[in-house]
Amino acid sequence: MPETDPKIQELENRLDRLVRTQIDFQKEISLIRGEITRLRATRPPTPAERVRGSLYTPPERPKPAPPKEAIHTERQPTDQTESSYKLPHRVEYEDEPVLSSATVSGDPFSRFFSSYTENARADLEKFIGENLISKIGILVLVLGVGIGSKYAIDNNLISPLARIVIGYIFGFGLVGLAIKLKPKYHNFSAVLISGGMAIMYFVTYFAYSPYQLIAQLPAFSLMVMFTIFTVAAALIYNRQVIAHVGLVGSYAVPFLLSNDSGNYLALFGYMSVVNTGILAISIKRSWKPIFYTSSVFTWAIFYGWFVTKYTAPQHFNLALVFLAAFFVIFYGTKLTQERLGMETGEGDKKENLICALATGFIFYAFCFALSDAALESAKYWTLFAYLAAASIAILATSFRTYGRAFMYLVVPFVWVIYGGWHLNRYDPSQHFSIAAVFAGLFFAIFYFSILFHRFTKDNFTLIEHTS
C-alpha cells in the first residue's frame with residue numbers, strides 16, 4: 001500500500017543503522033584484542049618473572065599472527081526501496097571467528113534462540129523437580145490416607161473414633177513437619193501444609209457425617225478455624241496453592257455439614273464473607289487465579305440454588321440482596337485492581353475489562369430470570385427500582401475506568417428485561433403506572449449518561465488540542 005512505504009523505508013533505515021553499529025562494535029573489539037595481544041608480547045618482564053627466569057626459562061611465547069586481509073562484504077538490496085552499502089573494514093585474527101553478513105545478521109538471533117531454549121529447558125526441569133513432583137507426592141499421600149482409611153473401615157480393623165484420631169494426628173503431623181522444614185525447604189513445606197489442611201477438612205467431615213462423633217456447630221467451628229489458618233499460611237508462604245486449598249475447603253464446608261435446614265440466608269452470608277476475605281487477599285498479593293476460582297464457585301452455587309431451590313414469592317428479596325452482594329464483591333475487586341494500577345500491561349487491562357463485563361453479564365442475566373415470573377405489583381416496583389439503582393451505580397463507577405464499555409452492556413440488557421416483562425407479564429389494569437414510570441426513568445438515565453459521556457469526551461478533546 002502506498003501509505004505504508006514511508007514507514008517501511010523508516011524501519012529499513014533503522015535496521016541498517018543497527019547493523020552498522022553492531023559491525024562497528026565488532027571492529028572495535030577486534031582492535032582492542034589485537035592491541036592487548038601486542039602489548040603482552042612486547043612488555044618487559046616483571047621482577048618476579050626475572051627471578052623465575054633465572055631458575056627456569058619458559059618456552060618462547062608464540063608471536064601473534066599477522067592480520068588477515070580485510071573482509072569487504074557487500075549487502076544486496078532486497079527490494080527497490082533498499083539501497084546497498086558496504087560493510088566497513090575490520091581486522092581479523094586467527095583466534096577470532098570470521099565475521100560475515102550471515103554472522104552479523106544470524107548470530108544475535110541464533111544466540112537468542114539457543115539461550116531461550118536452554119532457559120526453557122532449565123525452567124521445565126525446575127518446575128518438574130521443585131513443583132510438580134512435590135505436588136504429585138502430596139496428592140498420592142492424601143489418596144493413600146483415604147484408601148487406607150477405607151480399607152480399615154471395610155475390614156473393621158479399628159474403631160471409628162480411632163480412625164478420626166489417627167487422621168487428625170496425621171494431618172497435624174504434616175502441618176508440624178511443614179513448619180519445621182519451612183526455613184530450608186520453602187516450596188516443599190508449602191505443599192506439605194496444603195496436604196495437611198486438606199486431610200483435616202476431610203477428617204472433620206467424616207467425624208460429623210458418617211460417624212456422628214462431632215455435632216454440627218463444633219464441626220463448623222473447626223472448619224472455619226482451618227480456613228482462617230489456611231489463608232494465613234497462604235499469606236505467610238506467599239503461595240496461591242495454599243489459598244486455593246482454603247478457598248475450596250471454605251466453599252465445601254456448608255455442603256459437607258449441611259442438614260437440609262434450608263437456611264439460605266446463612267449460606268449466602270457465609271459465602272459473602274469468604275469472598276470478601278479471599279478477594280482482599282488476591283488484591284493484596286495480585287493473585288488473579290483466586291478471583292477466577294472464587295467467581296466460578298460462587299456463581300455456580302448461586303445458579304444451582306436458583307434452579308433447584310428458588311421459589312418466586314418466598315426467595316425473591318433474598319435473591320436480589322445476595323445477587324447485588326456478589327456482583328459488588330467481584331465487580332469491586334476488578335475495579336479496585338484497575339484503580340490501584342495492578343493491571344499494567346495492555347493484556348492485563350483487556351483481561352480486567354472482560355472479567356468486569358462478564359460479571360455484569362451474569363448480574364443482568366439473573367435479573368432477567370427474576371423478572372420472568374408472576375409476581376405481585378409491589379415486587380415489580382422493587383425489581384425495576386433495583387435495576388435503575390444498579391444501572392446508575394455501574395455507569396457512574398465504570399466510566400472513569402472502562403470508558404463507554406459498560407454502556408453497551410447496561411443499556412441493551414435493561415431494555416431487554418423491561419421489554420420481556422412488558423410482553424409476558426404486563427397487565428394494563430395493574431401495571432400501567434409501573435410501565436410508565438420506569439420507561440421514563442430508564443430513558444432519562446441512559447439519555448443523560450450518553451450526553452455526559454459525549455460532553456466529557458468533547459472536553460477532553462478540546463483540552464488536548466489547546467494544550
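Guide: In this predicted model, the α8 side of the contact (heavy atoms within 4.5 Å) consists of Tyr-264, Phe-268, Met-271, Asn-275, Ile-278, Leu-279 and Ser-282. They meet Ile-290, Phe-291, Ser-294, Thr-298, Ile-301, Phe-302 and Trp-305 in α9. These residues divide into 10 nonpolar, four polar and no charged. Nonpolar covers Ala, Val, Leu, Ile, Met, Phe, Trp, Tyr, Cys and Pro; charged covers Asp, Glu, Lys and Arg; the others, Gly among them, are polar.

Now the geometry. Helix α8 spans residues 264-285 and helix α9 residues 288-308. Their axes come within 10 Å and cross at roughly 170 degrees. Axes are lines fitted to C-alpha atoms over the stretch in contact, with angles from 0 to 180 degrees between N-to-C directions. The two helices are therefore roughly antiparallel (over 145 degrees) to each other. The crossing of α8 and α9 is left-handed: the near helix is turned anticlockwise from the far one by less than a right angle.

Next, the setting. The protein has 14 helices and zero strands. Helices are DSSP runs of H or I, at least four residues; strands are E runs of at least two; numbering starts at the N terminus. Of the 467 residues, 35% are buried, meaning under 20% relative accessible area with a 1.4 Å probe, protein chains only. Among contacts between residues at least 6 apart in sequence, 74% join residues at least 24 apart.

Residues are numbered from 1 along each chain as its sequence is written. Local features need pLDDT of at least 70, side-chain atom pairs count only at pLDDT 80 or more, totals for chains, interfaces and linings use all residues, and side-chain values use heavy atoms, leaving out hydrogens and water.

Technical notes. Parallel < 35°, antiparallel > 145°, perpendicular 65-115°, else oblique. Buried < 20%, exposed > 50% of the residue type's maximum accessible area, 1.4 Å probe, protein only.
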